[in-house]
Amino acid sequence: MEDAAPFALLLLPIFYIVILAVVIFPHWKMFQRAGYSGALSLLLILPIINIIVLFWFGFSDWPALRGRRGGM
Amino acid sequence: MNPEDAAGALGAVGGLLAGGIVVFLLIFLVMAILPIIAYWKIFAKTGNSGAIALLMIIPLVNLIVLYWMALGDWPALRQAGLTPGGYPPPAPYPPPQPGYQPQGYPPTPPSAFQPDMSKFQTPQSHFQPPSPPQQYTPPPPQVAPPAAASIFCGNCGSKLPAGSQFCTGCGGRIG
């Protein structure tokens, strides 16, 4: 029992990081394809801020869509 | 403590509980609905259906949807004219300058010299009849060829239409 607890505690941050990476990666891709820096997706880790970032992303004018067809 | 007081206390506790539950439900709903609205906008902007965002409520399915959206097709990008081969087609070439005669049109009138081709086209012969002499005409002023029809992403090497600002392959900024 004495050894088991620290081992489980070690696994927790690893799980956390893996899950985080799995969730952040698609957002990173989407931000990049929209024309923003993928690093913006790291803000999604923070509570409350993530909602703000998502809304800003949803309602902003994506640089990638400001193509040759639409003005510019 | 008389019965009326007890009932009042119970009612107060019940009211508090009910209030707490209502507040909890409201917060839960807001926390569930807000991301859906944001994802709806995002998915709609990619050119896909915003209703796909409703799938984001379901655990695990939301991950699949995210990856599908991140890596799948974005029709909106094609419509921005940034992905070759999509509809509508990439932006047309700049209009030719006035006086520009497209090469090969109108067709050059047949010259008077008409070699008897049957003489030359025996199966064994690779002889090509000399082309009839033609008067030299200066080539029409070159319209700037559609300035460097394509460029390549410095990051992933994807071929992109000139003027692209962002790579459609990796999403990186060009230049």
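User: Which loop is B:Leu60 in?
Analyst: B:Leu60 sits in the loop that runs between helix 1 and helix 2 of chain B. Keep in mind that this is a predicted model.

User: OK, zooming out. How many helices and strands does chain A have?
Analyst: Chain A has 2 helices and 0 strands. Of its 72 residues, 24% count as buried.

User: How about chain B, what's the order of elements?
Analyst: Starting at the N terminus, chain B goes α-α-α-α-β-β. That comes to 4 helices and 2 strands. Chain B has 175 residues, and buried ones make up 15% of them.

User: What share of chain B's contacts join residues at least 24 apart?
Analyst: It's 25%, taken among the chain B contacts between residues at least 6 apart in sequence.

User: Let's talk confidence. What's the average pLDDT for chain A?
Analyst: Chain A averages 86, and 86% of the residues score at least 70. Over residues 68-72 of chain A, though, the pLDDT is below 50. That stretch still has 10 contacts in the model beyond near neighbours in sequence. Where pLDDT is low, the predicted coordinates should not be read in detail.

User: Which residues touch the most other members of the largest nonpolar core?
Analyst: In that core of 26 residues, they are A:Met30, A:Phe31, A:Ala34, A:Ala64, B:Tyr39, B:Ile42 and B:Met69. Helix 1 (4-34) and helix 2 of chain A, plus helix 1 and helix 2 of chain B, each give two or more residues to this core. The core also draws at least three residues from each of domain 1 (1-72) and domain 2 (81-93 + 147-175) of chain B.

User: What does B:Ile42 touch?
Analyst: Not counting residues up to four places away in sequence, B:Ile42 touches A:Met30, A:Phe57 and A:Gly58.

User: Tell me about A:Gly58 then. Where is it?
Analyst: A:Gly58 is in helix 2 of chain A, residues 49-59. It counts as buried, because it has 20 C-beta neighbours inside 10 Å. Its contacts, leaving aside neighbours within four places in sequence, are B:Ala38, B:Lys41, B:Ile42 and B:Lys45.

User: What else is buried in helix 2 of chain A?
Analyst: A:Leu54 and A:Phe57 are buried there along with A:Gly58. The face turned away from the buried side carries the exposed residues A:Ile49 and A:Phe59.

User: And which residues are buried in helix 2 of chain B?
Analyst: In that helix (residues 61-71), B:Val65, B:Leu66, B:Met69 and B:Ala70 are buried. They're on the same side of helix 2 of chain B, because they cover an arc of only 125° around the axis. The face turned away from the buried side has the exposed residues B:Val61, B:Ile64 and B:Leu71.

User: Last one: what is B:Ile151 in contact with?
Analyst: Setting aside neighbours within four places in sequence, B:Ile151 is in contact with B:Leu160, B:Ala162, B:Ser164 and B:Ile174. B:Ile151 lies in strand 1 (residues 150-152) of chain B, and is partly exposed, with 16 other C-beta atoms within 10 Å. B:Ile151 and B:Ile174 are 23 residues apart in sequence, with 9.3 Å between their C-alpha atoms.

Technical notes: Residues are numbered from 1 along each chain as its sequence is written. Chains are lettered from A and ligands numbered from 1 in the order in which they are written. This is a predicted model: local features need pLDDT of at least 70, side-chain atom pairs count only at pLDDT 80 or more; totals for chains, interfaces and linings use all residues. A residue is buried if 20 or more other C-beta atoms lie within 10 Å of its own, exposed if 12 or fewer, and partly exposed in between; C-beta atoms are placed from the backbone. Two residues are in contact if their C-beta atoms, placed from the backbone, lie within 7 Å. pLDDT is the predictor's confidence in each residue, from 0 to 100. The arc is that of the directions from the helix axis to the C-beta atoms. A nonpolar core is a set of buried Ala, Val, Leu, Ile, Met, Phe, Trp, Tyr and Cys residues joined through C-beta atoms within 7 Å. Domain bounds come from an automatic or database domain assignment.
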